[in-house]
Amino acid sequence: MAAVLLIGRPSALLFQNLVTNQAIVPGLSNVIRWQSHWHVVRQSWPFFQNDFAGRIANRVMQTSNALRESVVSSIRAVWYIAIYGLSALALMAAADWRLAIPTVLWFAGYVFFLRHFVPRMRDLAEASSELRALLIRANGAAFTPG
């Protein structure tokens, strides 16, 4: 346990921080900003007339940070589940294989809930986004000078 506590855990945290802060964070925001910029540049003239310029620029700048944070949070969640779950499974199985059964059941339940609820959340988020876009478009049309 001393080796796990003094070497294993710090090594796992170091690897996670290296992947996050050296591989993902520096480049991902800029890549997303450039992709968003090129998407906005290819829009037609009425696209810009129906919206405020500052709002479009703000969305381009904020989308990259939000998407980067989502990716980092997802990697962190998967990393913690894998490391702590597999470590607990290995320790329990080393003591007695029957102690590993609750951990295996927890993994199975977790996978079931992910497969069941994530597609529903995706569909609800898409519907909510579409309704929000319609509301913004309707309110924007009411407040544009004309």
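Contact here means heavy atoms within 4.5 Å. By that criterion, among contacts in the protein between residues at least 6 apart in sequence, 63% join residues at least 24 apart. The mean pLDDT of the protein is 83, and 94% of the residues score at least 70. Confidence is highest in helix 1 (residues 2-41), at a mean of 85, and lowest in helix 2 (residues 45-49), at 77.

The overall architecture comes next. Four helices and zero strands make up the secondary structure of the protein, giving the order α-α-α-α from the N terminus on. Helix 3 covers residues 53-95, and helix 4 covers residues 101-143. Along the principal axes, the C-alpha atoms fill a box of roughly 75 × 35 × 20 Å. The radius of gyration is 23 Å, whereas a compact globule of 146 residues would have one near 15 Å. Of the 146 residues, 12% count as buried. The protein exposes about 11,300 Å², and 70% of this area is supplied by carbon and sulfur atoms.

Ala93 lies in helix 3 and is classed as partly exposed because its relative accessibility is 39%. Between the C-alpha atoms of Ala93 and Val78, 15 residues apart along the chain, the separation is 22 Å. The second pair involves Asp51, a residue of the loop between helix 2 and helix 3. Asp51 and Arg137 are 86 residues apart along the chain, yet 8.2 Å separates their C-alpha atoms. With neighbours within four places in sequence left aside, Asp51 is in contact with Ile56 and Arg59.

In general, side chains of opposite charge can pair when their charged atoms come close. How many salt bridges does the structure hold? The count is three.

One of these salt bridges joins Arg68 and Glu69, with the closest N and O atoms 3.1 Å apart. Arg68 is found in helix 3. Is Arg68 buried or exposed? Arg68 is buried, because its relative accessibility is 16%. Apart from residues up to four places away in sequence, Arg68 touches Val25, Leu28 and Ser29.

Another salt bridge brings together the side chains of Asp96 and Arg98, at 3.0 Å from N to O. Here the arginine is exposed: Arg98 has a relative accessible area of 52%. Asp96 has a value of 24%, so Asp96 is partly exposed.

A further salt bridge links Arg122 with Asp123, and the closest N and O atoms of this pair are 3.5 Å apart. Arg122 counts as exposed because its relative accessibility is 52%. Asp123, at 42% relative accessibility, counts as partly exposed.

The surface also has a nonpolar feature. Which residues form a nonpolar patch on the surface? Trp106, Tyr110, Leu114 and Val118 do so, with about 360 Å² of accessible area together. One member, Val118, has its place in helix 4. With a relative accessibility of 44%, Val118 counts as partly exposed; residues of such patches have over 30% relative accessible area and no salt bridge.

Taken together, the prediction describes a protein of four helices and zero strands, with a radius of gyration of 23 Å. Its three salt bridges include one in which the buried Arg68 is paired with Glu69.

Conventions
Residues numbered from 1 in each chain as written. Predicted model: local features only at pLDDT ≥ 70, side-chain atom pairs only at ≥ 80, totals over all residues. Heavy atoms only, no water. Patch = residues over 30% accessible without salt bridge, like charges linked within 9 Å, V, L, I, M, F, W, Y side chains within 5 Å. Areas by Shrake-Rupley, 256 points an atom, 1.4 Å probe, with all protein chains shown as cover. Salt bridge = Lys/Arg side-chain N within 4 Å of Asp/Glu carboxyl O. Helix = DSSP H or I, 4+ residues; strand = E, 2+ residues; numbered from the N terminus. Buried < 20%, exposed > 50% of the residue type's maximum accessible area, 1.4 Å probe, protein only. Rg over C-alpha atoms; globule rule 2.2 N^0.38 Å. pLDDT = per-residue confidence, 0-100.
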